[in-house]
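Welcome! Let us take a walk through this structure together, one step at a time.

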Amino acid sequence: MKKYFERLWNAIWDSTNIDEKASAALKEAKARIKEMKKELADVKKAAKNVVAQSKDVVDAEKGNKRRGKKPTKNKKKTKTNNKTKK
């Protein structure tokens, strides 16, 4: 009797697609975790940038000059002669 129920259980288990669904869910979860790791790396990089910029705000409050990229209106444009083609 026990073997009958074992065979019946195995037949029912083979007729279902639970294991395929489980493997598909596992694959999807792994892909999502991988994407989350990438996004967390981007967030970490952005947080470092925020910290650096907040230090600039503190320096500006103290009266220090602005660091970093200079405004374009103060730059002198250099003229080039690009029309001299042979």
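Before we set off, one term is needed: a helix here is a DSSP run of H or I with at least four residues, and helices are numbered from the N terminus. Keep in mind, too, that what you see is a predicted model.

Let us begin with helix H2, which covers residues 18-62. How far apart are its end C-alpha atoms? They are 65 Å apart, and this agrees with the 66 Å that 45 residues should span at 1.5 Å a residue. After H2 comes Gly 63, and its phi is positive, near 105 degrees.

Now for the charged side chains. In general, side chains of opposite charge can pair when their charged atoms come close. How many salt bridges does a search of the whole structure find? The search finds 2. In one of them, Arg 32 pairs with Glu 28, and their closest N and O atoms are 3.0 Å apart. Both residues belong to helix H2, where they sit 4 residues apart, about one turn of the helix. Arg 32 counts as exposed because its relative accessibility is 55%, and exposed means over 50%. Glu 28, in turn, is partly exposed at 39%.

The side chains of Lys 38 and Glu 35 also meet in a salt bridge, with 3.8 Å from N to O. These two are 3 residues apart in helix H2, so about one helical turn separates them. Lys 38 counts as partly exposed, with 46% relative accessibility, and Glu 35 is partly exposed as well, at 44%.

Next, please turn to the other end of the numbering. Here Met 1, Tyr 4, Phe 5, Leu 8 and Ile 12 make up a nonpolar patch on the surface, and together they have about 550 Å² of accessible area. One of these, Ile 12, is found in helix H1, which runs over residues 2-15.

A pair of aromatic rings is described by the distance of the centres and the angle of the planes. The count of aromatic pairs comes to 1. Tyr 4 and Phe 5 form an edge-to-face pair, 5.4 Å from centre to centre and with 65 degrees between the planes. Tyr 4 counts as partly exposed at 46% relative accessibility, and Phe 5 is partly exposed with a relative accessible area of 46%.

Technical notes. Residues numbered from 1 in each chain as written. Predicted model: local features only at pLDDT ≥ 70, side-chain atom pairs only at ≥ 80, totals over all residues. Heavy atoms only, no water. Patch = residues over 30% accessible without salt bridge, like charges linked within 9 Å, V, L, I, M, F, W, Y side chains within 5 Å. Areas by Shrake-Rupley, 256 points an atom, 1.4 Å probe, with all protein chains shown as cover. Salt bridge = Lys/Arg side-chain N within 4 Å of Asp/Glu carboxyl O. Expected span 1.5 Å × (residues − 1). Phe/Tyr/Trp six-rings, centres within 6.5 Å; stacked < 30°, edge-to-face > 60°. Buried < 20%, exposed > 50% of the residue type's maximum accessible area, 1.4 Å probe, protein only.
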